[in-house]
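This briefing covers one protein model and its ligand. The points below are grouped by topic.

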Amino acid sequence: MSTHEMNVYVAPLQGFTEAPFRHCHASVYGAADRYYTPFLRIEHGEPRHRDMRDVTSQLNDNHDVVPQIIFRDIDEFDLLIGALKEAGCRRVDLNMGCPFPPQVNKGRGAGVLRNKALLEKVAERIDAERDMTFSVKMRPGISAYDEWRDIVDIINAMRLEHVTVHPRVAALRYGGSVDMDAFAAMFSQLQHRVVYNGDIMSRDDAARIADSFPGLDGIMIGRGVLACPSLIAEMREGRDWSSEERVDHLLQLHAGIFQHYSTTLCGDAQVLSKIKPFWEYLEWEIGHKTAKMIKKATSIEKYEKAVASIG
Ligand SMILES: Cc1cc2nc3c(=O)[nH]c(=O)nc-3n(C[C@H](O)[C@H](O)[C@H](O)COP(=O)(O)O)c2cc1C
């Protein structure tokens, strides 16, 4: 399959792919086939309000958004699904890959991979929720690349739209390298449609995956979209954009995100803490000096001056 034709999804990235980013990305570059929200969680016994606001935001009007949930037991699952149903959501992605010890140790994210009893209950719930569509985003295991084999039958029996596989054990978090043998094994054993996720940073990376795995449902890109927000548009157009085009568009993207946060957050410090991390992924495009100026900006004025020096 050529990369023009395949489904391309934007991965959930806590702190980044919230509604303002998704909205501005879709309006500046054209919407990706889907955007996944950072995971929604239970806080103080109920779905976190901030997460629900993200799912119901008006900013979702220009793109296809799928909420993702993280849960450690069936009670958390039920609370989150109940809230999403009430908010009118009909599709949900289940996080079975978050690698962070505070989550995994409590049995959430990748922790679910070792909880067969919970997976059986989730399968029952999915069966019962006939008007909803579910997908799973998973890793091969917490510390070993063959842990998925213990649960593949349960996953295969679930009524799922697709399974996204990020072929890195949770112990690696986002470091080290993806294990393509593990991905190939999972791709061959999973009876659902499969989406590949992990380390796609260029059109060539995407083409390599598409060529190696005919029949793939699509690819999901996370950090590659932060580092090169035009990547999906470039894939669709089948050409690399010039540096001028990239910079021009990313300035529009970040002006939009900045505009949103400067009207919804209070004070320079809050706004800066939200927008500065985006630029860390863009150092290769804007240069070390500018990236450093942005990182060190202690006021909006200094931030705007640093951004104005780009291009
Ligand atoms: C800062 C950050 C936040 C993330 N947040 C989530 C999340 O909320 N849910 C999730 O399933 N994965 C999350 N991930 C993992 C990504 O969705 C993706 O699986 C991973 O980054 C590998 O894909 P990539 O190489 O294309 O970025 C996060 C990753 C990063 C770096």
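The model is predicted. An unreviewed UniProt entry places the feature "domain: DUS-like FMN-binding" at residues 10-264. That span is 43% helix and 16% strand, and its end C-alpha atoms lie 24 Å apart.

**Ligand surroundings**

- P12 contributes a backbone N or O atom that lies 2.7 Å from an oxygen atom of the ligand.
- For Q68, a polar side-chain atom lies 2.8 Å from an oxygen atom of the ligand.
- For K137, a polar side-chain atom lies 2.8 Å from an oxygen atom of the ligand.
- The ligand taken alone exposes 610 Å², and the protein buries 92% of that.

**Annotated binding site**

- The UniProt annotation "binding site", from an unreviewed entry, covers Q68, K137, H166, G222 and R223.
- H166 lies in the loop between strand 8 (163-165) and helix 7 (180-189).
- With a relative accessible area of 6%, H166 is buried, because buried means under 20%.
- Not counting residues up to four places away in sequence, H166 touches M138, R139, P140, R173, Y174, V178, N197 and G198.
- R223 belongs to helix 9 (residues 223-227).
- The relative accessible area of R223 is 25%, so R223 is partly exposed; this class lies between the cut-offs of under 20% for buried and over 50% for exposed.
- Leaving aside neighbours within four places in sequence, R223 is in contact with L13, R168, Y174, D199, M201 and Y281.
- A polar atom of the R223 side chain lies 3.3 Å from the backbone oxygen of Y174.

- N197 is buried, with a relative accessible area of 8%.
- A polar atom of the N197 side chain lies 3.0 Å from the backbone oxygen of M220.
- Beyond four places in sequence, N197 touches A11, K137, T164, V165, H166, P167, M220, I221 and G222.
- Among these contacts of N197 are K137, H166 and G222, which the UniProt "binding site" annotation also includes.

**Annotated active site**

- C98 carries the UniProt feature "active site", again from an unreviewed entry.
- C98 sits in the loop between strand 6 (91-96) and helix 4 (101-104).
- The relative accessible area of C98 is 5%, so C98 counts as buried.
- Not counting residues up to four places away in sequence, C98 touches F39, I70, Q103, V104, R108, G109 and A110.

**E76**

- E76 lies in helix 3 (residues 74-86).
- At 8% relative accessibility, E76 is buried.
- E76 touches I42, I70, F71 and R108, residues up to four places away in sequence not being counted.
- I70 and R108 are among the contacts of E76 and also among those of C98.

**Y36**

- Y36 has its place in strand 2 (residues 34-40).
- Y36 is buried, with a relative accessible area of 1%.
- The side chains of Y36 and R34 make a polar contact at 3.3 Å.
- Y36 and V163 are 127 residues apart in sequence, and their C-alpha atoms are 13 Å apart in space.

Terms used. Residues are numbered from 1 along each chain as its sequence is written. This is a predicted model: local features need pLDDT of at least 70, side-chain atom pairs count only at pLDDT 80 or more; totals for chains, interfaces and linings use all residues. Side-chain values use heavy atoms; hydrogens and water are left out. UniProt positions are given in the numbering used here, feature names are shortened, and annotations may be inferred rather than shown by experiment. Helices (H or I, at least four residues) and strands (E, at least two) are DSSP runs, numbered from the N terminus. Buried means under 20% relative accessible area, exposed over 50%, partly exposed in between (1.4 Å probe, protein chains only). Contact means heavy atoms within 4.5 Å. A polar contact is a pair of N or O atoms within 3.5 Å; within protein, one must be able to donate a hydrogen and the other to accept it, and residues adjacent in sequence count only if both atoms are side-chain atoms. Accessible areas come from the Shrake-Rupley method with a 1.4 Å probe; for residues, only the protein chains shown count as cover.
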